[in-house]
Amino acid sequence: MSRQLTASDRNQLIHLASELPKGSRERKAILAGLQKVSDREFDYENGEIGVSVDGRGYDHYINIFYPLGNIGRRGKTVTHVQARIMGAGSVAWGHEFLHRIKGKNRASQALKLLDQETKAAKAADDNAYVHVSESKIKGIDNSLPTPKSQKIEDIKGRHIQVDMNSKPIRVYDPSYAKELEKSFQRYRFDIPHRYRFKVHSLRDEIATARSHTDVKKILTKNGIRFDFRTFMDSMYD
């Protein structure tokens with residue numbers, strides 16, 4: 001599984017994008033990529049709350065998710081509170097928020113601190129734009145980050161590799177394709193993220209599977225839904 005971006009990684013990419021011409025294809029590609037990955041991990045987790053921050057130029061976003069225990073659970077909801085602060089001087093509001101929230105583990109504490117932070121932004125700049133929104137997200141929504149407490153180690157076997165925390169979970173079975181000597185044929189199962197704990201419980205059985213057919217039997221036998229596909233992947237990419 002590929003390494004997740006850290007806050008330092010994101011800051012470097014944001015800085016790189018800011019130096020590129022506005023409207024350029026490269027700048028748009030970087031910003032689009034950041035948008036996709038910005039919510040895949042939390043910058044701060046403690047108790048029932050998870051916080052992620054993002055700063056782009058004069059825009060600063062503070063995201064609070066709670067309760068973390070509802071993430072990945074069918075029938076449960078997660079509250080997402082987002083504050084967008086724009087034009088409030090050059091202060092990194094998101095990183096200041098992360099510094100002040102250390103040690104706090106309840107949603108009420110995080111929301112109180114967020115209220116203080118947004119008021120401070122307005123006081124720092126009369127022209128500052130501050131907008132706070134709240135939404136409810138289904139616990140099994142794939143856009144939600146995976147809390148550290150729910151992360152599971154990948155499964156690696158003879159010919160099988162399972163990315164346990166990807167969304168959806170992906171099971172790869174690579175084998176040489178006879179008809180194309182310079183290509184690699186991959187069989188992939190896309191499994192809904194809500195099955196990750198069930199798949200984890202079958203890790204020993206999956207790790208010894210010798211083919212995609214064996215994996216298909218294991219998943220079907222245990223009532224795990226999946227989509228199956230075959231594709232070619234160049235060995236030299």
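Aspartate 190 and arginine 188 form a salt bridge, with their closest N and O atoms 3.1 Å apart; a salt bridge is taken here as a side-chain nitrogen of Lys or Arg within 4 Å of a carboxyl oxygen of Asp or Glu. The model is predicted, so local features need pLDDT of at least 70 and side-chain atom pairs count only at pLDDT 80 or more, whereas totals for chains, interfaces and linings use all residues. Residues are numbered from 1 along each chain as its sequence is written, and side-chain values use heavy atoms, with hydrogens and water left out.

Aspartate 190 is buried at 10% relative accessibility, and arginine 188 is buried at 12% (buried, under 20% relative accessible area; exposed, over 50%; partly exposed, in between; 1.4 Å probe, protein chains only). Aspartate 190 also meets arginine 229 in a salt bridge of 3.3 Å, N to O. Because aspartate 190 belongs to strand 9 (residues 183–191) and arginine 229 to strand 10 (residues 227–234), this pair ties together parts that are 39 residues apart in sequence. Helices (H or I, at least four residues) and strands (E, at least two) are DSSP runs numbered from the N terminus. Arginine 229 is partly exposed, at 38% relative accessibility. Through shared partners, salt bridges join Arg170, Arg188, Asp190 and Arg229 into one network.

The count of salt bridges is 6. One of them links the side chains of lysine 119 and aspartate 115 at 3.3 Å, N to O. These two residues are separated by about one helical turn, because they are 4 residues apart in helix 4 (residues 107–124). Lysine 119 is exposed, at 54% relative accessible area, and aspartate 115 is partly exposed, at 38%.

Strands 3 and 4 run antiparallel and are joined by 8 bridges; pairing requires that DSSP find at least two bridges between two strands. Isoleucine 62 has alanine 83 of strand 4 as its bridge partner. Alanine 83 also stands opposite valine 132 in strand 5, and strands 4 and 5 (the latter residues 129–138) pair in the antiparallel sense over 10 bridges.

The loop between strand 3 (59–66) and strand 4 (77–86) contains asparagine 70, which is buried at 15% relative accessible area. Beyond its neighbours within four places in sequence, asparagine 70 is in contact (heavy atoms within 4.5 Å) with Lys76, Thr77, Val78 and Gly139.
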